[in-house]
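Reader: Hi! Could you walk me through this one?

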Amino acid sequence: IGVIGADVKGHNLPCENQPITSRVALICGTSSCHMGVSETPIFVPGVWGPYFSAMVPGLWLNEGGQSATGKLIDHVVRGHVAFPELQSKAAASAHSIYTYLNSHLDLIKKSLPVGFLTVDLHVWPDFHGNRSPLTDLTLKGMVVGLTLSRGLDELALIYLATIQAIALGTRHILETMQAAGHHINTLFLCGGLSKNPLFVQMHADITGKPVVLSKEVESVLVGAAILGACASGDFASIQEAMAKMGRIGRVVQPNREHKRFYDKKYEVFLKLVEHQREYRSIMNS
């Protein structure tokens with residue numbers, strides 16, 4: 001509630017003048033949660049709920065999730081043979097390792113959009129099992145397109161492919177929610193990963209939906225303040241408090257020119273899990 005109910009007037013967003021049910025809050029940190037509400041109960045395969053009044057009073061909550069997101073990115077980056085080089089260069093430039101990786105991707109992209117660098121590199125991100133929408137804790141991570149290269153370029157590429165895989169997983173969850181009856185047109189991001197501009201842009205491009213970031217990065221604190229303001233009687237409802245106390249910081253629009261590329265990436269993404277399940281069936285037969 002610290003991000004999803006903010007007043008969006010003047011930002012040219014599809015959720016303007018639409019009910020809050022057109023929005024999903026994505027809380028992205030070590031793992032990720034996808035929070036969407038509806039006026040009537042919607043049962044979504046592989047997504048928790050519906051829970052009445054669990055987030056917004058009077059509305060039904062569905063909660064999707066990914067078991068590891070920030071933790072997965074950290075695992076992939078720190079486990080790479082080029083990580084000591086990355087650490088050294090990031091420290092020398094006085095930047096975080098992720099800011100440095102984002103800058104390095106800009107250097108190696110040449111005339112391509114950054115996201116297109118992974119045309120031959122694909123990741124299935126469920127290294128720790130799938131929570132939504134497949135609810136299969138036995139699934140494992142997959143990487144297709146590895147080479148013998150061991151340098152910083154390759155570390156940057158696997159980092160990019162992992163972020164894309166997480167965004168593709170979000171698309172998988174959103175499409176499952178929409179197929180069950182949700183009508184979602186805007187993402188509201190908060191949490192540590194929302195501070196990474198590459199993570200945010202990939203979510204916009206891959207889902208095809210604009211991403212809204214809160215002006216106050218500690219959205220949980222805003223949510224607590226909203227609840228306190230309602231409890232003290234300063235606002236008549238949580239919805240009113242969210243609209244008055246929430247502030248839009250930045251809006252990131254999807255690049256529509258890249259839609260075909262990410263539609264193809266999504267097709268490959270779904271093939272990865274299909275093949276993994278086929279392999280398991282063969283081994284268990």
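Reader: Where does Pro 133 lie?
Author: Pro 133 sits in the loop between strand 5 (122-124) and strand 6. Helices (H or I, at least four residues) and strands (E, at least two) are DSSP runs, numbered from the N terminus. Keep in mind that this is a predicted model: local features need pLDDT of at least 70, side-chain atom pairs count only at pLDDT 80 or more, and totals for chains, interfaces and linings use all residues. Residues are numbered from 1 along each chain as its sequence is written, and side-chain values use heavy atoms, leaving out hydrogens and water.

Reader: Thanks! Which peptide bond is cis there, the one from Ser 132 to Pro 133, and what is its omega near?
Author: The bond from Ser 132 to Pro 133 is cis, with omega near 0°. The peptide bond from Gly 49 to Pro 50 is also cis, with omega near 10°. Pro 50 belongs to strand 3 (residues 48-52).

Reader: Why do you point those out?
Author: Most peptide bonds are trans, and most residues other than glycine have a negative phi.

Reader: OK, what about the phi of Asn 17?
Author: Asn 17 is not a glycine, yet its phi is positive, about 65°. Asn 17 is in the segment before strand 1 (23-28). Ala 94, again not a glycine, has a positive phi of about 60°. You'll find Ala 94 in the loop between helix 2 (83-92) and helix 3 (97-108).

Reader: Does Asn 17 count as buried or exposed?
Author: Asn 17 counts as exposed because its relative accessibility is 69%. Ala 94 counts as exposed at 68%. The cut-offs are under 20% relative accessible area for buried, over 50% for exposed, and partly exposed in between (1.4 Å probe, protein chains only).

Reader: New topic: how many disulfides are there?
Author: The count is 0 disulfides, where a disulfide is a pair of cysteine sulfur atoms within 2.5 Å. Cys 15 is in no disulfide, and the nearest cysteine sulfur, that of Cys 190, is 15 Å away.

Reader: Nice. Which residues touch the most other members of the largest nonpolar core?
Author: Val 77, Leu 86, Leu 105 and Leu 189 do, in a core of 61 residues. Helix 4 supplies the largest share of this core, 15 residues. A nonpolar core is a set of buried Ala, Val, Leu, Ile, Met, Phe, Trp, Tyr and Cys residues joined through side-chain atoms within 4.5 Å. There is a second, separate core of 27 residues, including Met 35 and Ala 241.

Reader: What is Leu 105 in contact with?
Author: Leaving aside neighbours within four places in sequence, Leu 105 is in contact with Val 114, Leu 117, Ala 156, Leu 157, Tyr 159, Leu 160 and Leu 198. Contact means heavy atoms within 4.5 Å.

Reader: Last one: where is Val 144?
Author: Val 144 is in strand 6 (residues 142-144). At 37% relative accessibility, Val 144 counts as partly exposed. Beyond its neighbours within four places in sequence, Val 144 is in contact with Asp 120, Leu 121, His 122 and Leu 272. The C-alpha atoms of Val 144 and Pro 125 are separated by 12 Å, and these residues are 19 residues apart along the chain.
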